[in-house]
Amino acid sequence: MHTFSITKKVDYSAPIFFMPLGVPTAAKVVMNQSSFAQKQITPTKITPTSTLAPKTTPAIKQPTTTTIATNTKKIEEKKTVVSKTPTIIEKKNVPVTKQETKQPEKKEPLKTSSADIKEKPKITQEIQKEPVQSTVHNKEHSSCDKVSEQLAKSLDIQQPVAPIQAVKETRKTHPIHVPENAHISNNYREVEALRCGTQLQKELVHKWQPPIGVSPECTCEISFCVNTKGTIENLKMVKSSGVVMFDISARQALFSMKMPQWTHGKYLTINFKQ
Amino acid sequence: MNYPVHPELAKETNTIKQEFYMKILYILLLCFIMPINADNIELSVSGAQQARMPIAILVLDETNSELSTIANVIKKDLEFTDQFQSNIKKYNPHISKKELSKKIQQLAHAGTPLALCINTGPFHTIEWRLYDTIQCTMLQGKKYKKNNTIERAWAHAIADEVWKTLTGNEGFFSSRLAYCKDSKDENGKNIRKIYISDFDGSNEELLVDIPTITIAPRWHIKKPRLFYSEYANTNVQLVSISMKKEKKTISTFDGVNMLASFSQDGKTLVYCSSRGNGSCQLYRYKQGELKRFTNNTGNNVSPVFLDDSRICFCSDFQTGSPQIYIGNIETGHLQRITKGGYCASPSYCPKTNKIAYHKMIQGIMQVMVYDCATKEHIQLTNNSGNKHEVSWSPDGTQLLYSHEQAKNKSRLMTFNLITKKTKYLTRVQDYCSYPHWSPCYQMFPVVT
């Protein structure tokens, strides 16, 4: 059975926030931003370019470049950088193996193909891991650099690859603004209890009309039981205000309002103040 | 076959069993206590809109005109305060108790939490009962034996009792007003007569009808007797008059004799008199002995008792313009409470411990209130037209004064300190001045 109890004085006019444990407001904002960034990253089509033609790279290296290009957007930028300095790459050619000699004959264009990806799964897997992290924040460009270094090593390309630019966020994220007087709780039941109290208070404020001319210090306390049908029973004046018409107005407010569902079958004590 | 149990093992099993039963009992108790426990919700319902309290006046004899008159007067009295909203319902005198309780319950459902039933009883009696319609219980009820035929006196008395039951404060519906109204005699000469009326200005009655000028009426604090000043051939005399129009001369010194005020016990009188010296001084009359209270070169007028030892009055001896002072009768010590300006006509309310007076502000006399406890001055009015001779209601919630709208137009006006609303009590064409609000006497001060 759900028990509802609020004994402390609560300002029900203040907003109520439920904040899970261990999640401060600022961190949650960052997390939201990152989640949006992740969602926004979409694989883009990579068109073959002549810049990464076999002229500049050995035949063996071509498939690697093609596989890289198919996985991430960064590869386009890498291609452009690489194409600018073809001479350096030629000088630093790695000794060509038999396989490497065969590959330049193929001169395959830089197209995305699943077959290419399958040929050298190791490199593709390594590459796939890192870009996901690096696209989130600009701070993580160092990881991009690491990737590029690895690529350079594998492709015998010592030219640094241009860092991948972060994906532009099309959706604006607003930080959560929590008012100073807000009730913040990490207990979901407490939050529900506060919201129920707010609902009851709003209803009472709407229905209750204290009489004119009564001192602002007047208060009265009324206890009652709400039956399963929602009607008030066993109403008792626990503490009278001393002004009969003030007490009567409070009682009238209770009888005129429709008690919410959560009060059915419960005893309640309400303190009326101006 | 029962095997013997080791005693230590038996003890252990017993303790385990006990613990188990205790746990079950604890759980059961929790299950029962939790729903029984009252959920205390403390709600500060602030911002609720105040409204007039609805009350139904039930006349239990639809053919009785006297009861109808009483009901109408009660309705008017309660609505004068702007705190109640009433409606009158008439029923058959032979209505049964069950039917009446049903009617009362219907009022509760209709949003009317109070019902006042009035009916006549045997042996010239009037009976009233105040009900809480929600709980269908009687809050208060009384029976009066009629001793005169004026219905409104009964109505005011019932309204006072209902007011006291509902608000906890004394009512003022049985109080009366005294004021001067200008008119012209047969020769076209301006004369000023003294009238009295109900607290709301209704049922005006001429009390002093002499072919001369009569001014500054003041009610006695204990009995329904009026003290006023009337212009004679050689002086201005202080005279008292009863509701039966029995006159008595109080002070007939040379010069001016006026503005009498009484102590709370009614045994000490203080008034101002010039005695032909050109300046008004205050005189105290107690147990047949007349003593001079002030002794200066200024004019000292409008004395009012704060308590048995202190008098508040207006004097111009220090600054040349009238200021408000509080003087101790025994020590003679004077304390000035106003600072500058033109301040006059103080009136004291013992219920709220406040002094009302009027002050010239930007060329217009406005009503001011001084709190004796906090020593703060508050300006109540700021509209055009001079205000004069402010007077408190017996309960301290209303102020009465004359509002001079134009040169030849002066009307009586009330200011409700709770609702901040004003009401005119007299007609536009009447020139009324020098108002004074009476206390609520035990008997009904009606003119016969």
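Visitor: What makes β20(B) and strand β21 (residues 334-336) of chain B a pair?

Guide: Three bridges join β20(B) and β21(B), in the antiparallel sense. Pairing takes at least two bridges, so these strands count as a pair. Keep in mind that this is a predicted model.

Visitor: Which residue of β21(B) stands opposite I326(B)?

Guide: Q335(B) does. I326(B) has a bridge partner in another strand too: C312(B).

Visitor: How do you know that strand β19 (residues 310-315) of chain B pairs with β20(B)?

Guide: Count the bridges again. β19(B) and β20(B) share six, in the antiparallel sense. The cut-off is at least two bridges, so this is a pair as well.

Visitor: Why is β20(B) called largely enclosed?

Guide: Look at its residues, 323-328. Five of the six are buried, so the rest of the structure largely encloses this strand.

Visitor: E330(B) lies in the loop between β20 and β21 of chain B. Is E330(B) buried or exposed, and how do you know?

Guide: Exposed. Its relative accessibility is 68%. The cut-off for exposed is over 50%, so E330(B) qualifies.

Visitor: Now L259(B), in strand β14 of chain B. Why is L259(B) called buried?

Guide: Its relative accessibility is 6%. Buried means under 20%, so L259(B) counts as buried.

Visitor: Which residues does L259(B) contact beyond its neighbours within four places in sequence?

Guide: Among them are A216(B), R218(B), L238(B), V270(B), Y271(B) and V301(B). The C-alpha atoms of L259(B) and V304(B) are separated by 9.1 Å, although these residues are 45 apart along the chain.

Visitor: What does L107(B) touch, leaving out residues up to four places away in sequence?

Guide: L107(B) touches A56(B), L58(B), K89(B), T112(B), A115(B) and T133(B). D132(B) is 10.0 Å from L107(B), C-alpha to C-alpha, and 25 residues away in sequence.

Visitor: What makes strand β2 (residues 53-59) and strand β4 (residues 114-121) of chain B a pair?

Guide: Five bridges, in the parallel sense. At least two are needed, so they pair. In β4(B), L116(B) is the bridge partner of I57(B).

Visitor: How many bridges join β4(B) to strand β5 (residues 125-132) of chain B?

Guide: Eight, and these strands run antiparallel. The hairpin of β4(B) and β5(B) has three residues between the strands. F123(B) has a positive phi there, near 60 degrees.

Visitor: What makes the phi of E389(B) worth a look?

Guide: Phi of E389(B) is near 50 degrees, a positive value in a residue other than glycine. E389(B) lies in strand β26 of chain B. Its relative accessibility is 14%, so it counts as buried. Y434(B) has a positive phi near 50 degrees too, and its place is in strand β30 of chain B.

Visitor: Which residues lie nearest the centre of the largest pocket?

Guide: I221(B), P394(B), S438(B), P439(B) and C440(B). The lining has 45 residues, and the volume is about 1,200 Å³.

Visitor: Which strand gives the most to that lining?

Guide: β22(B), with five residues. Others supply at least two each, including β14, β26 and β30 of chain B. By class, the lining has 23 nonpolar, 13 polar and nine charged residues.

Visitor: And how many helices and strands are in chain A?

Guide: Chain A has 10 helices and five strands. Of its 274 residues, 41% are buried. Chain A exposes about 16,200 Å², with 53% of it from carbon and sulfur atoms.

Terms used. Residues numbered from 1 in each chain as written. Chains lettered and ligands numbered in written order. Predicted model: local features only at pLDDT ≥ 70, side-chain atom pairs only at ≥ 80, totals over all residues. Heavy atoms only, no water. Buried < 20%, exposed > 50% of the residue type's maximum accessible area, 1.4 Å probe, protein only. Helix = DSSP H or I, 4+ residues; strand = E, 2+ residues; numbered from the N terminus. 1 Å grid on protein atoms, 1.4 Å probe; cavity = no way out; pocket = protein on both sides within 12 Å on 5 of 7 lines; lining within 4 Å. Points joined across faces, edges and corners; volume = space filled by probe spheres on them. Nonpolar A, V, L, I, M, F, W, Y, C, P; charged D, E, K, R; others polar. Contact = heavy atoms within 4.5 Å. Areas by Shrake-Rupley, 256 points an atom, 1.4 Å probe, with all protein chains shown as cover.
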